[in-house]
Each structure stands twice: as C-alpha cells, then as structure tokens.
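This report looks at how the parts of one protein chain meet. Please keep the sequence and the structure in view while reading.

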Amino acid sequence: MSEYAERMKKKAAAFKGRDDLLVLGIESSCDETACAVLRGKKILSDKIASQVEIHKRFGGVVPEIASRNHVLAIDNLVKEALDTAGVKQEELDAIGVTYGAGLLGALLVGESYAKAFAYALDKPLYAVNHIRGHIAVNFVAAPELTPPFVCLIASGGHTAVALAKDYDEIQMLGTTQDDACGEAFDKVARVLNLPYPGGPQIQTLAEKGKPVIHLPTPFKGSDTLDFSFSGIKTAVINYANTLKMRGEELPAADLACSFQELVTDIMSDRLVRAAHMCNCNKVVIAGGVGANIRLRAKVAEKAAANNLTAYYPPIRLCTDNGVMIAAQAMCMIKAGRSPADYDLDADAGVKP
Ligand code: KG4
Ligand code: ZN
C-alpha cells in the first residue's frame, strides 16, 4: 500500500458515524458524463452532460466518440457541480468515481480525472461499482430506506434480482443468461426503426398499442429467478421479418406494447417472488429500465397486493447520473471499505 493510501485510510477512519459527509460523485462509464455533490443524503448538485444526440445518428454508443466527449466535458462539469452546490473543492470529504462496469476508454477518462483530483486535494477516492450505484441511489431518493431489501437491477448492461443484505453487500438471486433487459429494449427499438436509446421510445409507442401479439415466455413453468431476453427479441425480429417478406405493414405499436408488457411482467414477477423467497418486505428498482412507467406501475401494484413496500428512484435518477456514484461511495464509507490507491484500474466487466 502506498503512503498516500495509508494516509487516506486514516482520513477515512474518521468518517465513522458521520452522516453529513460532502461527497463528489463522477460517472463516465457510457454516454453520460455526470457529476454530483451530496451532503449526506441531500443532493446539493446533479449535473449531466448527455451525449445521446451525438450517438443517435450511429444507432448506439460509439465507444471512442464517447471517450473523447467525456474528455471535453468532465472538467467543466465538475466545476459546475461544485459551483451549484456552493462547495469549494477543498471542503469535500471524499470523491467517488465509477471504475466499472462500462466502456473501458470512457471509464478511464472519469477515473484518471478523479485520481488526479483526489490526489492533488489529498482526499480519499472510492472506486465505485456502477451497478451498485444504481442500487445506492435509492438511499438518497428514499432516505428512510435501510437494508435488507430485494432489488431488481434493470439497466442497459445488466439484469438481475439480488438481496441487498447491507449497504455494500449484495447476494445475487438470479441474473440474465443472455441479453440485459435494456439491451433488449434497444434492439427491439431498432427493429421498429426507433432512434437510440430505445427504451423510452418503445414506452411512448406502446401507449398507442395493445398487447395482442404473442411472444414466447422464457423459463415458462419454472420458478427460476434467472432471466432470458434473447428469445423474446428474436421472436420480435422474426415477426417483423415475416411481415416484411409478405409485404404487410408492421403493427409497430402493438409489437412495442406486447414486448413491453411481457418484459415488465417477467421483471415484476421475479422481484416479488424473490422478496417472498427471502422473507423480505421491501422491494427496490434500480437502473435505467426502472424509468419504465409500466414496470413501475406493475411493481407498485404487485407490491401492494403482497404487503411489500416498493421503492423506485425518480425517473432522472434511474438512468446514469453522478448522484448514484456519490451515494455508493457513501455506502462504501458506511461499510468501512478502504479508499482506492493510485494504482486503481478500470474494470469494464465487473459484476454487481
Ligand atoms: O442504467 P442505464 O442508464 O445505463 C446502464 O447502466 O446500462 O440504462 C440504460 C438503459 C437503456 O437500454 C435504455 O433504453 C433503458 O435503460 N431505458 C428504458 C427507459 N428509459 C431508459 N427502458 C425502458 N423504458 C424506459 N422508460
Ligand atoms: Zn447505468
């Protein structure tokens, strides 16, 4: 351990029991550069520089272009986040940065910036797992929430149900065997000629449709908590191709609606079933697909019917943001995790 890391460990030891820490969160794992300042569970600032418009014309995120735009955005965004929060950089207690999962080049931009920033200020730096950040943002959105709870992780890169045993302790109960649900939303959107990112587009189109198209239910009759979305996605593609070959018009709204209903049924079922299995009365939604109104409605309805309390962040905090990274850094501090050393590396494929 370096002398810097030894010193940071001592600084972090003094954080014990404090719930008013000033933490800066930095996120750059995909196509949003995001920075936020939290004081405890209070959001002092929340800045996002989205690259969605840049990547839209390519139909998805182009990694190298994402990295370059993070480089352009990050310094100003950190300054803006501090200014809006009314906080001087010297006043920060700690910094959290996403080290994975995500696009390697994009991660390295945020991480290099955060390492230099933390080192120059002599502040502890926490290496945050992005997926855990999606979970942790719920502690900010609902300050009364405490572990344990059962959690649905539904993002562009991951889909799982997990038991959050403590602030930084997760037990996986089921994961996707192939595509993530957000990935399936994005791929189906492409088949329907909708722009990137597909999730919100499918949601809007689905409002005009009915769930009348039969799509296959994965693991039918099984009580597994695992997920599989590639069969559903392939069924949508085949359905669209068959109609195209016949020269018939694609009922895009019905297809979007049928897809969304099936996928949100599966996810809400798994979440409630996992809560029963764990004998847990709190269910939590995390990740970008958590913004989906049908998923939120179904989880609320099934939770109420099963005497469970449901938590989900406001829409803005479901997709990638800096608050979630600061929130997870706070969870790591609560759990007594050590700050990172300056040899911290990025890990594109880290698991939740
Ligand atoms: O969590 P997130 O922002 O990034 C990752 O960590 O992957 O999730 C992005 C995913 C994208 O696939 C996007 O299409 C999906 O979340 N998404 C939605 C909605 N809003 C975003 N999917 C369904 N309905 C939405 N309203
Ligand atoms: Zn995310």
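How many residues of domain 1 are in contact with domain 2, and how many of domain 2 with domain 1? In this predicted model, 17 residues of domain 1 are in contact with 20 residues of domain 2.

## Domain layout

The protein is divided into two parts, of which domain 1 covers 3–138 + 319–334, while domain 2 covers 145–312. Between the C-alpha centres of domain 1 and domain 2 the separation is 28 Å.

## Buried area

When domain 1 and domain 2 are taken together, they bury about 1600 Å² between them, and 66% of this area is on carbon and sulfur atoms. On the side of domain 1, the residues that lose the most area to domain 2 are Arg132, Ile135 and Asn138, which together account for 35% of what that side buries.

## Polar and charged pairs

Between domain 1 and domain 2 the count is 1 salt bridge, and a salt bridge joins the side chains of Arg132 and Asp168, with an N to O distance of 2.8 Å. Arg132 is also among the residues of domain 1 that lose the most area to domain 2. The count of residue pairs in polar contact between the two domains, both at pLDDT 80 or more, is 5.

The side of domain 1 that touches domain 2 receives two or more residues from each of helix H2 (52–56), helix H5 (130–141) and helix H12 (323–334), and H5 gives the most, with 5 residues. By class, this side of domain 1 has 7 nonpolar, 6 polar and 4 charged residues.

Key. Residues are numbered from 1 along each chain as its sequence is written. Chains are lettered from A and ligands numbered from 1 in the order in which they are written. This is a predicted model: local features need pLDDT of at least 70, side-chain atom pairs count only at pLDDT 80 or more; totals for chains, interfaces and linings use all residues. Side-chain values use heavy atoms; hydrogens and water are left out. Domain bounds come from an automatic or database domain assignment. Contact means heavy atoms within 4.5 Å. Buried area is the accessible area (1.4 Å probe) that two parts lose on being put together, summed over both. A salt bridge is a side-chain nitrogen of Lys or Arg within 4 Å of a carboxyl oxygen of Asp or Glu. A polar contact is a pair of N or O atoms within 3.5 Å; within protein, one must be able to donate a hydrogen and the other to accept it, and residues adjacent in sequence count only if both atoms are side-chain atoms. Helices (H or I, at least four residues) and strands (E, at least two) are DSSP runs, numbered from the N terminus. Ala, Val, Leu, Ile, Met, Phe, Trp, Tyr, Cys and Pro count as nonpolar, Asp, Glu, Lys and Arg as charged, and the others, Gly among them, as polar.
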